[in-house]
Amino acid sequence: MVRLSNLAALDRFGADSSPLDQERAVRLRELAESLIEGGHSGDDRAFAMTVPGRIEVLGKHTDYAGGRSLTCATERGFCLTAVARADRRVTVTDLGREIRAAFDLDPSLETAEADWTRYARTVARRVARDFGPDLVGADIALESDLPAAAGMSSSSALVIALFSALAAVNELESRAEYQSALGDRERLAGYLGAVENGLAFADFKAD
């Protein structure tokens with residue numbers, strides 16, 4: 001967590017950082033600048049993250065069906081910056097494609113859209129169902145250099161990025177139900193697979 005103004009002033013991660021990290025620093029700065037231009041204060045707490053795509057070496061399309069796969073991370077992926085809101089509204093702005101979606105954290109949220117917003121709505125709906133009514137929404141700015149429909153799991157990366165943002169602004173990791181069910185990286189990965197495929201996980205019901 002950092003102040004939004006600090007992110008907006010970011011130009012590099014450090015002298016020893018790789019060219020890829022330097023590129024990500026620039027992208028995170030641009031995302032922070034967009035949130036400030038959208039009305040947020042530079043003093044607002046911001047959460048910034050990168051989520052890579054992946055290449056499935058073995059087991060294509062088996063992971064979200066409950067099977068196993070052998071994967072490796074790619075250099076391409078999502079950069080995301082999020083700031084909490086005072087209400088349950090979630091806005092997601094794709095800075096690269098200049099498109100925006102807005103909806104509420106609602107356990108009955110409609111997810112029938114045939115475009116990329118289906119993934120965003122699915123995450124919001126599942127978080128609302130699994131973690132209750134006392135949640136806040138977020139203004140989220142993101143950008144991706146993952147090619148769509150190229151077998152690099154852009155949809156899974158988007159699900160992970162959006163859940164991570166909502167978890168951060170709501171401090172879900174401090175909750176007992178989170179620690180009990182999702183307390184390590186392997187269980188969290190299993191849960192995020194369940195968010196995408198709609199299956200039950202631990203005490204969280206299927207959706």
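I take helices (H or I, at least four residues) and strands (E, at least two) as DSSP runs, numbered from the N terminus.

**Entry 1. Basis**

I note that this is a predicted model, in which local features need pLDDT of at least 70 and side-chain atom pairs count only at pLDDT 80 or more, while totals for chains, interfaces and linings use all residues. Residues are numbered from 1 along each chain as its sequence is written, and side-chain values use heavy atoms, with hydrogens and water left out.

**Entry 2. T74**

I looked up T74 and found this residue in strand β3. Is T74 buried or exposed? I use "buried" for under 20% relative accessible area, "exposed" for over 50%, and "partly exposed" for values in between (1.4 Å probe, protein chains only). T74 has 11% relative accessibility and is therefore buried.

I then listed contacts, meaning heavy atoms within 4.5 Å. With neighbours within four places in sequence left aside, T74 is in contact with P52, G53, R54, I55, L146 and M152. I also checked polar contacts (a pair of N or O atoms within 3.5 Å; within protein, one must be able to donate a hydrogen and the other to accept it, and residues adjacent in sequence count only if both atoms are side-chain atoms). A polar atom of the T74 side chain lies 2.7 Å from the backbone oxygen of R76.

**Entry 3. The sheet**

In general, the strands of a sheet pair through backbone hydrogen bonds, either parallel or antiparallel. I count two strands as paired if DSSP finds at least two bridges between them. In what order do the strands of the open sheet stand? The six strands follow the order β1-β2-β3-β6-β4-β5, and the pairing is mixed. β1 (2–3) and β5 (99–104) are at the edges with a single partner strand each, so one side of each has no neighbour in the sheet.

- β1 and β2 run antiparallel and are joined by two bridges; V2 stands opposite A46 in β2.
- Strand β2 (residues 45–58) pairs with β3 in the antiparallel sense over ten bridges; R54 is set opposite A73 in β3.
- β3 and β6 are antiparallel as well, with seven bridges between them; V83 stands opposite D139 in β6.

**Entry 4. Salt bridges**

I define a salt bridge as a side-chain nitrogen of Lys or Arg within 4 Å of a carboxyl oxygen of Asp or Glu. How many salt bridges does this rule give? The count is 16.

One of them joins R85 and D139, whose closest N and O atoms are 3.0 Å apart. This pair links distant parts of the chain: R85 is in the loop between β3 (70–84) and β4 (89–94), D139 is in strand β6 (residues 138–144), and 54 residues separate them. R85 is partly exposed at 26% relative accessibility, whereas D139 is buried at 11%.

I next examined D130 and R126, which meet in a salt bridge of 2.9 Å, N to O. Both lie in helix α3 (residues 117–131), four residues apart, about one turn of the helix. D130 is buried, with a relative accessible area of 12%, and R126 is buried at 2%.

R187 and D184 form a salt bridge of 3.0 Å, N to O. R187 is partly exposed at 31%, and D184 is partly exposed at 35%. I also noted a network in which salt bridges that share partners join R85, D87 and D139.

**Entry 5. Cysteines**

I searched for disulfides (a pair of cysteine sulfur atoms within 2.5 Å) and found zero. C72 is in no disulfide, and the nearest cysteine sulfur, that of C79, is 19 Å away. C72 is partly exposed at 35% relative accessibility, while C79 is buried at 1%.

**Entry 6. Nonpolar cores**

In soluble globular proteins, nonpolar side chains tend to be buried together. I take a nonpolar core to be a set of buried Ala, Val, Leu, Ile, Met, Phe, Trp, Tyr and Cys residues joined through side-chain atoms within 4.5 Å. The largest core has 46 residues, and those with the most contacts inside it are L80, F131, I140, L162, F163 and Y191. Helix α4 (residues 154–169) gives the largest share of this core, eleven residues.

A second, separate core of 13 residues includes L7, L10, A25 and A141.
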